[in-house]
Amino acid sequence: MDVGEKVYRQTLPVPMYQNDYNIWSVLKNCIGKELSKITMPVVFNEPLSFLQRIAEYMEYSHLLTLASEQEDPVIRLQYVIGFAVSALASNWERLGKPFNPLLGETYELERKEFRFICEQVSHHPPVSAFHAESKDWVFHGSIHPKLKFWGKSVEIQPKGVVTVEFPKLKDAYTWSNVQCCVHNLIVGKLWMEQVGTMEICSHASGQRAQLTFKQAGSNGKDLHRVEGFIFDKQKHKQFFLYGKWTEFLKCTDNNSYEEYLKENGSKHHSCNSKSSKSPNDSPSHTSKKVLQKLNSLKLSSFKSMSVAESMDDPTEIPEVSVPRSDSAYSIDIPNSTLIWKVNPRPQHSSDYYQFTEFAMSLNELETDMEKTLCPTDSRLRPDIRKLEQGDIDGAAIEKTRLEEKQRAANKNMKTKKIEWKPRWFDQGINPYNKQEDWIFNGKYWGRQYTDPEIF
Ligand SMILES: CC(C)CCC[C@@H](C)[C@H]1CC[C@H]2[C@@H]3CC=C4C[C@@H](O)CC[C@]4(C)[C@H]3CC[C@]12C
């Protein structure tokens, strides 16, 4: 470490309260609701706001700096892909629910390499917009998490676009996030996977990468696995990428990969046209046994779920168990380079909501920070602070108070016909892929806040 480099907190004030409540007893009342309307008892929460959770994308931001230093656009693209995959790593085993951000809530993070700001720009539907910048790159986007219940599992689709720009290089990349599935809502131990296809486009070079986040599969052998290709402008496969979003990402040229396939064909034959189709075209089906259980729970709001469509799928793993990844299956293809590797979790992580070291630091009120912090910053939320300190009852009281305060404020605005306007982002169109997006207005760091009182 450099002398004088800032040290951030590496743990929380107290270990978490270990609850053994059944999540289904709460969730059965939430079927069909959107994420911002799901209120769960605070014991299911982790002491972070969803805005802080988005800031966790930044843990491996050095990959963007590395990318900005590359002259070869295809190597640059490799690092951008590494960054996109690395941004998901902190989700591994994180099954606590982050706090729903209040409308107008903000979260800033200033680190040596970058500064980051996130704002809750809409409450119904919930949309969070973020913008990070360093001297070499800009990373921004908006996220609207959409929830879909499938009975024993829930699928969360983080709608929205993310963009990386290298202004000096006049280069830009966009992609959208894959889906996140949480399993075993009714019985068994919760577990999570990221599934779907991620397409990363380089708008300057016309190159494109397609990555498949695989479903664990019937024997769990593909648990957390990511695979895909970089295509050149003529749509020829140029590089093969492989790894796990929880561990690492490697890259090799397509010739080495094909050579490897010829020699090891039967052992490793994924990522053909069949599996590169989104594995999530058919979300997990609900088996008869589970259906019976659901019926016995007499769910009134059950109509909104499509559970009856395909009742038993014999190929499916029983969802009550957590699949184990077959690490022996880890492949190492000749001429590979390691693009990204995960930081190990702190030893005490399981007593602290499975947080990474980076996550542990996010709610820290650093010395003198209060003097400059925007009054709507997540760090100043009393419910999150109380949970972090182990005061479950206090956190619950504060959480209810804040939610009621927000409801009253919304009602008040409605009667006065005032429309909420986010302070730091404007609704606009993404210049690269023309999708709807939220654009940073640049004013936050001037620190002239005209803050609404939300806490
Ligand atoms: C059972 C249900 C209702 C509770 C699940 C709560 C947790 C596990 C859910 C709720 C919202 C989810 C997040 C919503 C959006 C994103 C952005 C995406 O880029 C990575 C995954 C991530 C960060 C999800 C991780 C899992 C998540 C935090």
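What follows is a short chat about how some labels in this predicted model come about.

Reader: Let's start with the ligand. Which residues come nearest to the ligand?

Author: The shell around the ligand has 17 residues, and L27, Y57, N91, P98 and N177 come nearest. A residue gets into that shell if one of its heavy atoms lies within 4 Å of the molecule.

Reader: How much of the ligand does the protein bury?

Author: Taken alone, the ligand exposes 600 Å², and the protein buries 98% of that. The space taken by the ligand is also the largest cavity.

Reader: Which helices and strands supply at least two residues each to the shell?

Author: Those are α2 (50–55), β2 (97–99) and β7 (154–159). By class, the shell has 11 nonpolar, 3 polar and 3 charged residues.

Reader: Why is E56 called buried?

Author: Buried means under 20% relative accessible area. E56 has 2% relative accessibility, so E56 counts as buried. Its place is in the loop between α2 and α3 (62–68).

Reader: What does the side chain of E56 make a polar contact with?

Author: With the side chain of S90, at 2.8 Å.

Reader: Why does K416 count as exposed?

Author: The label needs over 50%. K416 is at 55% relative accessibility, so the label applies. You'll find K416 in the loop between α10 (392–415) and β17 (425–429). Its C-alpha atom is separated by 52 Å from that of R225, and these two are 191 residues apart along the chain.

Reader: F44 is in a loop too. Is F44 buried or exposed, and why?

Author: Buried: F44 has 9% relative accessibility, and the cut-off is under 20%, so F44 passes. The loop in question runs between α1 (24–27) and β1 (45–49). F44 and D393 are 349 residues apart in sequence, with 13 Å between their C-alpha atoms.

Reader: On to the backbone. How do you know that the bond between H124 and P125 is a cis peptide bond?

Author: Look at omega: for the bond joining H124 and P125, omega is about 0 degrees. P125 sits in the loop between β4 (115–122) and β5 (127–133).

Reader: What is the phi of N184?

Author: Phi of N184 is near 65 degrees, a positive value in a residue other than glycine. N184 lies in the loop between β10 (179–183) and β11 (191–202). Its relative accessible area is 3%, which is under 20%, so N184 is buried.

Reader: And K235: what is its phi, and why is it called exposed?

Author: K235 has a positive phi of about 70 degrees although it is not a glycine. Its relative accessibility is 60%, and exposed means over 50%, so K235 counts as exposed. K235 is found in the loop between β13 (225–231) and β14 (237–244).

Terms used. Residues numbered from 1 in each chain as written. Predicted model: local features only at pLDDT ≥ 70, side-chain atom pairs only at ≥ 80, totals over all residues. Heavy atoms only, no water. Areas by Shrake-Rupley, 256 points an atom, 1.4 Å probe, with all protein chains shown as cover. 1 Å grid on protein atoms, 1.4 Å probe; cavity = no way out; pocket = protein on both sides within 12 Å on 5 of 7 lines; lining within 4 Å. Sits in = over half its atoms within 2 Å of the grid points. Helix = DSSP H or I, 4+ residues; strand = E, 2+ residues; numbered from the N terminus. Nonpolar A, V, L, I, M, F, W, Y, C, P; charged D, E, K, R; others polar. Buried < 20%, exposed > 50% of the residue type's maximum accessible area, 1.4 Å probe, protein only. Polar contact = N/O pair within 3.5 Å; in protein donor to acceptor, adjacent residues only side chain to side chain.
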